[in-house]
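Me: I am new to this structure and would like to go through part of it slowly. Could you show it to me and then take my questions in turn?

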Amino acid sequence: MANEFPQVLTIAGSDSDGSAGMEADLHTFFVRHVYGMAVVTACVAGNSYGIHASHPLPVDFIDQEFKDIADDFKVLACKTGMLADSELINCVVKNYKKYDLGPLVLDPVIMTKHGAMLLEESAYATLRSQLLPLATVLTPNFFEAEKLAEMTIKNDADMETAAHKLQKMGAKNVMIKGQHHDQNQTEVRDFALLESGKSFWLSAPYVNTEHVNGTGDSLSACITAEIGKGNSIESAIKTAKKFVNAAIANEIAVGHKFGPINHWAYQD
């Protein structure tokens with residue numbers, strides 16, 4: 001009876017304080033009732049005050065991680081997190097094409113929610129041209145959507161146009177996360193465009209908190225988990241929005257400064 005329980009995979013870096021990256025993905029997988037595995041791409045030393053050191057893993061080791069998982073397990077969906085450089089992105093592309101790892105949820109970690117660039121331009125170009133076309137679901141934040149679509153988003157119509165542009169670049173389904181860095185805003189609105197052409201908006205109250213570490217990771221991980229359980233893309237996106245909203249709105253006291261979200265908060 002091997003491999004009957006739903007199994008999903010994160011391809012991400014390890015964040016030592018548990019708030020983001022692989023750890024946030026695994027927290028999400030656990031509470032969404034799927035068995036989570038990880039291809040670890042890097043190790044980060046940090047805490048609630050910040051990141052203080054990072055170490056990328058060798059590509060040949062990452063290749064072996066992919067092989068060992070594919071040789072034994074039935075992965076029903078997978079997702080990516082922070083991919084630091086072109087060599088690593090190409091490694092992920094090669095292995096995703098080589099093995100059956102299910103639908104790919106691509107969290108394109110390119111820019112922060114404040115608009116600061118996280119990837120060098122060469123790595124960004126590789127992600128855009130090589131990895132994005134493989135995405136079953138693409139989940140950029142507001143600034144990443146602007147960067148990828150090569151346009152300024154000023155209103156709802158622009159957001160919809162950007163989603164269509166990203167879909168034409170190869171992503172089957174797109175969820176653009178709305179801006180959430182203005183303390184005066186009252187809601188956060190996301191836009192989803194499905195492969196079928198159906199689209200919809202998702203809205204939730206804005207929560208002014210410093211406990212938002214791992215929000216994007218957890219959103220894409222929840223979508224991955226729901227796909228792994230056999231749910232539709234639309235259902236997965238809507239569940240992920242509710243899951244993250246509850247996790248932000250119900251804080252837990254961990255760390256002294258920028259804390260994690262509460263993965264236990266959402267009950268369905």
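**Strands and helices in turn**

Me: Which residue of β8 is the bridge partner of I176?

Reply: This is a predicted model, in which local features need pLDDT of at least 70, side-chain atom pairs count only at pLDDT 80 or more, and totals for chains, interfaces and linings use all residues. Residues are numbered from 1 along each chain as its sequence is written, and side-chain values use heavy atoms, with hydrogens and water left out. Strands are DSSP runs of E with at least two residues, and helices are runs of H or I with at least four, numbered from the N terminus. Three bridges join the antiparallel strands β7 (residues 173-176) and β8, and in β8 the partner of I176 is F191.

Me: How many bridges join β8 to β9?

Reply: Two strands pair if DSSP finds at least two bridges between them. Strand β9 covers residues 199-205 and runs antiparallel to β8, with V188 having A204 as its bridge partner in β9. The number of bridges joining β8 to β9 is seven.

Me: Are α5 and α6 oblique or roughly parallel to each other?

Reply: Helix α5 (residues 142-149) and helix α6 (residues 156-168) pack at an angle of about 55°, with their axes 9 Å apart. Angles under 35 degrees count as roughly parallel, over 145 as roughly antiparallel, 65 to 115 as roughly perpendicular and the rest as oblique, so α5 relative to α6 is oblique.

Note on methods:
Axes are lines fitted to C-alpha atoms, for helices over the stretch in contact, and angles run from 0 to 180 degrees between N-to-C directions.
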